[in-house]
Amino acid sequence: MADHRNGGTHPTASKTAAGSSGGYTIDATTLTKRLQSLYSHWRAHRDELWGSCTSFAVATPPPSDDLRYLKSSALNIWLLGYEFPETIMVFSEKQIHFLCSQKKASLLDVVKKSAKEAINVEVVMHAKAKTDNGVNKMEAILNSIDSVDSPVLGYIAKELPEGKLLETWSEKIKSSGLTLSDVTNGLADLFASKDPGELINVKKAAYLTASAMKQFVVPKLERVIDEEKKVAHSFLMDETEKAILEPARIKVKLKADNVDICYPPIFQSGGKFDLKPSASSNDEHLYYDPASVIICALGSRYNSYCANVARTFLIDSNTTQSKAYQVLLKAHEAAVGALKPGNKASDVYKAAFTVVEKEAPELTSNLTKSAGTGIGLEFREPGLNLNEKNERVLKPGMVFNVSLGFQNMQTKSSKEKSQNYALLIADTVILTANGHEVVTALSSKAFKDVAYSFNDGEEEDERPQVKVGPKLNESLYSKATLRSDNHEMSKEELRRQHQAELARQKNEETAQRLAGGKNATGYGRSSSRTSNDLVAYKNINDLPPPRDLMILVDQRNEAILIPLYGSMVPFHIATVKTVSSQADTSGNCYIRIIFNVPGTPFSSQDPNSLKNQTDIFLKEVSFRSKDSRHISEVVQQIKTLRRNVVSRESERAERASLVTQEKLVLAGNKFKPIRLTDLSIRPTFLNRGRKLPGTLEAHDNGFRYSTSRSDERVDILFGNIKHAFFQAAEKEMITLLHFHLHNHIMVGKKKSKDVQFFVEVMDVVQTLGGGKRSAYDPDEIEEEQRERDRKNKINMGFQNFVNRVNDLWCQPKFKAFDLEFDQPLRELGFHGVPHKASAFIVPTSTCLVELLEIPFLVVTLSEIEIVNLERVGLGQKNFDMAIVFKDFKRDVLRIDSIPSTSLDGIKEWLDTTDIKYYESRLNMSWRAILKTITDDPQNFIDEGGWEFLNLEADDSESDGSQESDQGYEPSDAEPESESEDEGSDSASLVQSEDDASESDDDASEEEEGKTWEELEREASNADKEKGAESDSEEERKRRKMKAFGKSRAGPSGGSASKRPKFRR
């Protein structure tokens, strides 16, 4: 194993000195600081920890390729940055003596100045030649020590002398007549609390360790088991050691020269387990039959600072094993939670023991006797054992290897190797001023990420309650291999059991949230202008001079003047709801103007809508004219003016509601920004000219997109990014980057929470002749090849940009943002209608997205309360999905018309991502349901929470009852899909459609002004032309369902709507 390691155990000064005298330098700043710490600690705790010594000696042995941890080596590295082999250091109140070779003495000259400035101590160098045994110089050092009253020499008692120099020194101090004392405890206490520089080294070692587990060990084990290979534990140990010593193999950007292993990686399976760090990997093959357990432990060092992680993987575990692991996981989390400054080391073990005693008292005898040890320059720091007897007080800066396990466990199995097993979990944890930080959390230990199901068709005693077999970095889909005909049945049963557990957890979470009043508030518009804000003319003198009594449009004052009873009466353009014109058979033209009146206020929250109800308002006026051209001009002027005012007010209201953000800090000249060129943006800028491609640049704290036009620029700050997505073109026409934001930003004149940058990967080609080309046409083949090359080039450019930005986001200053580009998982995608058109919706690791059609769909999975699958039943070709959010003020999201062939895949995905789902045969009135819950949350909790949606429970209780399984009685409340259209007559100036074209606006305004008779007449004519047979199957089903819902609702004679009831 030593052959693979990078230069032995520690970086040594002798090797560097032999290569070049100028290749090694001691950091004077760090040396000064640590000399002060060493002497202040020694003087403050001389009698308590340092054996009352008046001076102490540290002798470093010759270099070795063996893995070992010595206090002398640790002091060398801590103080000087490197290990100085065959060097003796003697520290006294007035002098520091170094006995070493001439080359090392020249390297240590820098210590003289630092020691004088920091602690006013003289450094004396005793350089010896190769042939010199150093006896005379040793006697000189001992004579200087003996010059003080009652001299006591401290030394590291447990380290045996190695080499001629140290053996001679050991004989000299023992025969000198000096009183000797052990200083091991003093050095251990000195190293216990790490400074910021040391903690950075620990974090880098932890990142390397966790990455090796996640990026190498887990995929390797999955591949071996899935392909049923025979691989020895020792082979896995060697391969893992190579991966750690070559960080680039696991995508870790650390220098290989600074990296080493703490111990040879440990792989154990097949019933033979040893949970001690001194355990080793034997030459037996990895055992992965049902009910087997695999334990893997890794330790890495960076600049000699250690980090450790251990994980247990369960293969087709039975209920006993699953329960034991979950108890161990809770105990481990309790132990980590007890790591707080001010607590005692014994509190950590007691917290873990209490959990085991409560959850599974029969396992207390199997629990390890310690919850771990301190870790740093040494893998096990003495004095920091986390056992029940250690009363040491914990302090910030301490680092612990929290290792907890169950040993000598038994389970029933038909195979001997599966009967004995053990469980082990270990993490590296840093104590901070406010608590702790688990620095190896990159490697997941959650049950769903370590429990695998590779069913070989052999029945074990019991199956686990939860079955998942994902990769740790792809936790959305199972890697389990289907190997039996009855696997699908067991898979469904396991999913039901998992869903039952999720239902219990979800009801508890919802009850706590409702009881605590943590329900978020809804989103309302507070910046709408009210009716009292609208002033056309402040003074009568501002009115334009009177002309003929005809309608006049005043563009400058945004008003229209209408002749009423011989006078020109002004109306602000915002008071106009619709305007339309119509001609009759006699050649007369009519103009009809409808105004906003109380009951249809300018906004849904206009405070004056109730205040002015006693006033008299003009609702509608109509004028007749023989001049059709003039009528058309007036209508067009009013519509244009109204559209401009609506657009301006909408932009003003949106800007007023924006959250103030920090400024973008541009990258300096030394660091060029990461750049991606020739991009288009959505939503688009509203310039009338040709759309120009732009460039996206990553700067110090955000992105900037800009084109050659000065007014086309968008800044997106890293702190405002909620989710980032990269979707390469496969079957799509575009490759894109998409950012879903926490707060809205302005893109041109639009307020948006989603910003997308894309490139079209395929040119639109049209054959002018219209004829078909042959499949063997060389031009056709060459054209297809060009398109493939263009697509691959664009995808590769985007991928390089994403990789570089991900590396940027890995920096410590961006850690709190938790940013990483996510990619949609197409194999889990399904078709559905989230808005008005069908789209292909795909999950990612954190979201459910649709990024091709506008409006975009981005649903954060962590914000989902439950999912209800509606219209699920025999004979249905499709079904709907209702997503209920944890914020009950937020509208339920509906995805309609999902093909029934996608049902099993969606249920599997929801179950794997720990989202509770229900099924119902009809669509639910979610607005009424959520109102009932928020009005009386206690009743909701008492009635069983979301279990009123449980079809299976109702079916089992009612035994095929014909009652509806919705849990709520259907009401006349409008379905969710129609909720967005409510109050369309009361649309305010800030509620206009951004993407509506001019022709769409005109048509909608004319239709709003039509009477019921006109609309009924038009509908009747349309029915006659179209024919009743043209109704789609979906429309007929929807009408039938709506009619069924109304018939169930009962008579609606009362004005108050029925309150939905919970089913018992």
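Student: At what angle do helix α6 (residues 135-145) and helix α7 (residues 163-175) pack?

Tutor: This is a predicted model, in which local features need pLDDT of at least 70, side-chain atom pairs count only at pLDDT 80 or more, and totals for chains, interfaces and linings use all residues. Residues are numbered from 1 along each chain as its sequence is written, and side-chain values use heavy atoms, with hydrogens and water left out. Axes are lines fitted to C-alpha atoms, for helices over the stretch in contact, and angles run from 0 to 180 degrees between N-to-C directions. The axes of α6 and α7 lie 11 Å apart, and the packing angle is about 40 degrees.

Student: How are α6 and α7 oriented to each other, and which hand does their crossing have?

Tutor: Angles under 35 degrees count as roughly parallel, over 145 as roughly antiparallel, 65 to 115 as roughly perpendicular and the rest as oblique; α6 and α7 are therefore oblique to each other. A crossing is left-handed if the near helix is turned anticlockwise from the far one by less than a right angle, and right-handed if clockwise. For α6 and α7, the crossing is right-handed.

Student: Which residues of α7 meet α6, and how many charged residues does the contact have?

Tutor: Contact means heavy atoms within 4.5 Å. From α6 come Val135, Met138, Glu139, Ile141 and Leu142, which meet Leu165, Thr168, Trp169, Lys172 and Ile173 of α7. By class (Ala, Val, Leu, Ile, Met, Phe, Trp, Tyr, Cys and Pro nonpolar; Asp, Glu, Lys and Arg charged; the others, Gly among them, polar), the contact of α6 with α7 has seven nonpolar residues, one polar and, as charged residues, two.

Student: At what angle do the axes of helix α9 (residues 196-226) and helix α10 (residues 233-245) cross, and what does that make α9 relative to α10?

Tutor: These two axes come within 10 Å, and they cross at roughly 140 degrees. That angle makes α9, relative to α10, oblique.

Student: Which residues of α9 and α10 make the contact, and how many of the contact residues are nonpolar?

Tutor: On the side of α9, the contact is made by Leu208, Ala212, Phe216, Val217, Lys220 and Leu221. On the side of α10, Phe235, Leu236, Glu239, Thr240, Ala243 and Ile244 take part. The contact has one polar and two charged residues, and the number of nonpolar residues is nine.

Student: How many helices and strands are there in the protein chain?

Tutor: Helices (H or I, at least four residues) and strands (E, at least two) are DSSP runs, numbered from the N terminus. The protein chain has 25 helices, and its strands number 37.

Student: What percentage of the residues of the protein chain count as buried?

Tutor: Buried means under 20% relative accessible area, exposed over 50%, and partly exposed in between (1.4 Å probe, protein chains only). The protein chain has 1064 residues. The share that count as buried is 48%.

Student: Where is Leu561 placed, and is it buried or exposed?

Tutor: Leaving aside neighbours within four places in sequence, Leu561 is in contact with residues including Tyr537, Leu543, Ile551 and Val569. Its place is in strand β17 (residues 559-564). With a relative accessible area of 3%, Leu561 is buried.

Student: Which residue does a cis peptide bond join to Arg682?

Tutor: Omega of this bond is about 0 degrees.

Student: What is the phi of Glu86?

Tutor: Glu86 lies in the loop between α3 (71-80) and β2 (87-92) and counts as partly exposed, at 35% relative accessibility. Although Glu86 is not a glycine, its phi is positive, at about 50 degrees.
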